[in-house]
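Hi,

Here is the structure I promised to pass on to you. Have a look at it first, and then read my notes below.

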Number of protein chains: 2
Amino acid sequence: MVYTVGEMAKVLDVNTSTLRYYDSEGLLPYVERSSGGMRMFSEKDYEALMVINCLKKSGLTIKEIKQFIEMTEKGDETIEERLKLFENRRKAVQKQIDELQKTKKLLDYKCWYYQTANKAGSEQYVKNISPEKIPEEIREAKNTLKLKSV
Amino acid sequence: MVYTVGEMAKVLDVNTSTLRYYDSEGLLPYVERSSGGMRMFSEKDYEALMVINCLKKSGLTIKEIKQFIEMTEKGDETIEERLKLFENRRKAVQKQIDELQKTKKLLDYKCWYYQTANKAGSEQYVKNISPEKIPEEIREAKNTLKLKSV
DNA sequence: TATTGACTTAAAGTTAACTTTAACTTGTAT
DNA sequence: ATACAAGTTAAAGTTAACTTTAAGTCAATA
């Protein structure tokens, strides 16, 4: 199964120009060309793009991804280096998840805050609530974040 | 307790210019000034910056955060709107977390892949492993992602 | 075979979120 | 009183990751 740039772009839900940009940046060294010069994406290119996307989501820049692609081109001598890269990316993603979970805690608090304000019809009402009347898990979030008046 | 722009920047671990930029974009309407024109950040401004940071991490742009600040300035009539905003942000953050967990699955697979290649000394070895010899949870990740050759 | 939609490259343009610079003022420590 | 670190504004500069444009070529269909 081969894909044109337009077909591949549709599958991945990106702009065709994004794929050409990746190619021009050296991220897609294995994409073949038709006799007329058109890109022909294979199943392997699709899978490479999945990995590129994964590395991007993990926080790597295009340049850093290019360096990874260059490692794969060097073959077995870079296996350990690549292993370390992926282990670091895994750590980085776990960190991102932890950060987002903290962010969510504050959002939980804010949702409770505005739900309560909404029921009472005034923000002042929530601000005046005595701490012991705030639900346990909400109070906890508030304290963790050291919020007093927000 | 009041802070100069430099002190506040240190506490939040950001550049002073970032705080001035936020101010110039209308994100900090409550920051007072000394008689000489210097910004004096209060505890409330610190907490507002925590919320700004939270909204930023949830995926809002500076412009969108400004709109939220404008809502708070309008008072009680915008409580419901603000409640909806925070509920949407909470959903968005949960979505981000889910996405990152998928990303992590692929990284788990890649770590296993390169650990195995590293032990064997060759990538070809891992590519040739028959599916039933791949650990259950790793195989699962691989199939979910429809990877064959990566 | 002619049309037309999808492809090609190179180069310029876009956007958000800062960051830097320049010229000047404030406030604190000796 | 004076030095000087830290503050002020307005405006220009930076960066990454695309996206658009222009001018032309390829390939599938009527």
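**What covers helix 3 of chain B**

The buried residues of helix 3 of chain B are covered by, among others, helix 5 of chain A and, from chain B, helix 1, helix 2, helix 4 and helix 5. Please keep in mind that this is a predicted model. The buried residues in question are Asp45(B), Ala48(B), Leu49(B), Val51(B), Ile52(B), Cys54(B) and Leu55(B).

Helix 3 of chain B is 15 residues long, and from its first C-alpha to its last it reaches 21 Å, close to the 21 Å expected at 1.5 Å a residue. Just after this helix comes Gly59(B), with a positive phi of about 115°.

**The nonpolar cores**

In the largest nonpolar core, which has 29 residues, Ile52(B), Leu55(B) and Ile65(B) touch the most other members. The elements giving two or more residues to this core are helix 5 (79-120) of chain A and, from chain B, helix 2, helix 3 (43-57), helix 4 (62-74) and helix 5 (79-120). Helix 5 of chain A provides the largest share, 8 residues. A second, separate core has 28 residues, including Leu19(A), Phe41(A), Ile65(A) and Tyr113(B).

What does Leu55(B) touch, leaving aside its neighbours within four places in sequence? Its contacts are Leu60(B), Ile65(B), Phe68(B) and Arg89(B).

**Where the two chains meet**

Chain A and chain B each bring 43 residues to their contact. On the side of chain A that touches chain B, helix 3 (43-57) and helix 5 of chain A each supply at least two residues. Helix 5 of chain A gives the most, with 25 residues. Sorted by class, this side of chain A has 18 nonpolar, 10 polar and 15 charged residues.

Helix 5 of chain A also holds Lys95(A). Is Lys95(A) buried or exposed? Lys95(A) counts as exposed because it has 12 other C-beta atoms within 10 Å, and the cut-off for exposed is 12 or fewer. From the C-alpha atom of Lys95(A) to that of Ser122(A), 27 residues apart along the chain, the separation is 37 Å.

**Around DNA strand D**

There are 21 residues around DNA strand D, and Asn15(A), Ser17(A), Gly36(A), Gly6(B) and Arg39(B) come nearest. Two or more residues each come from helix 2 (16-24) and helix 4 (62-74) of chain A, and from helix 1 (5-12) and helix 2 (16-24) of chain B. By class, this surface has 5 nonpolar, 12 polar and 4 charged residues.

Enjoy exploring!

Conventions. Residues numbered from 1 in each chain as written. Chains lettered and ligands numbered in written order. Predicted model: local features only at pLDDT ≥ 70, side-chain atom pairs only at ≥ 80, totals over all residues. Near = placed C-beta within 6 Å. Helix = DSSP H or I, 4+ residues; strand = E, 2+ residues; numbered from the N terminus. Nonpolar A, V, L, I, M, F, W, Y, C, P; charged D, E, K, R; others polar. Core = buried A, V, L, I, M, F, W, Y, C linked by C-beta atoms within 7 Å. Buried ≥ 20, exposed ≤ 12 C-beta atoms within 10 Å, placed from the backbone. Contact = placed C-beta atoms within 7 Å. Expected span 1.5 Å × (residues − 1).
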